[in-house]
Amino acid sequence: MKALLNDYFRIDSQTAADDAVLFRVTLLPGYCAYAGHFPGNPVSPGVCNIQMIKECAVRLTGQRLFLGYISHCKWSAVITPQTAPHLQIRMQLSEADNIYNACATVYDDTTIYMKFKGELTPVE
């Protein structure tokens, strides 16, 4: 999948938070997928949200990463650029045997939108 940073979303800040990193992101309403997903009522595609998490992990590791395994991915609310343009991603990332285990939550001040757990491996 093509990188979505600065097309689908923008990273506004990145800060350490206890045992995790907190990204503050903004969804960009002009992203091309919104025209068909869904016209007049744009909804953030789930695959784009997963890619956004992966790109945050890439930023943390400084490496190109391949998402090889998703052990848990749950959406608990619909994300739209109109109702939830500013999101936070809380990410815990650990590495063992050249595999990064990512645990992320996408939320804002009132709602948890998504929880994710998966494995990423460096692309050589």
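**Exercise 1.** Work out whether Lys-2 is buried or exposed, and which residue its side chain meets in a salt bridge.

*Solution.* Start with Lys-2: its relative accessible area is 58%, so it's exposed (buried is under 20% relative accessible area, exposed over 50%, partly exposed in between, with a 1.4 Å probe and protein chains only). Next, look for the partner: the side chain of Asp-7 meets Lys-2 at 2.7 Å, N to O (a salt bridge puts a side-chain nitrogen of Lys or Arg within 4 Å of a carboxyl oxygen of Asp or Glu). Asp-7 itself is partly exposed, at 35%.

A quick note on the model: it's predicted, so local features need pLDDT of at least 70 and side-chain atom pairs pLDDT 80 or more, while totals for chains, interfaces and linings use all residues. Residues are numbered from 1 along each chain as its sequence is written, and side-chain values use heavy atoms, leaving out hydrogens and water.

**Exercise 2.** Find how many salt bridges a search of the whole structure gives.

*Solution.* The search turns up three. Besides the Asp-7 and Lys-2 pair, Arg-10 meets Asp-12 at 2.6 Å. Then there's Asp-19 with Arg-90, closest N and O atoms 2.9 Å apart. Asp-19 sits in the loop between strand 1 and strand 2 and Arg-90 in strand 4, so this pair ties together parts 71 residues apart in sequence (strands are DSSP E runs of at least two residues, numbered from the N terminus). Asp-19 is exposed at 53%; Arg-90 is partly exposed at 29%.

Technical notes:
Helices (H or I, at least four residues) and strands (E, at least two) are DSSP runs, numbered from the N terminus.
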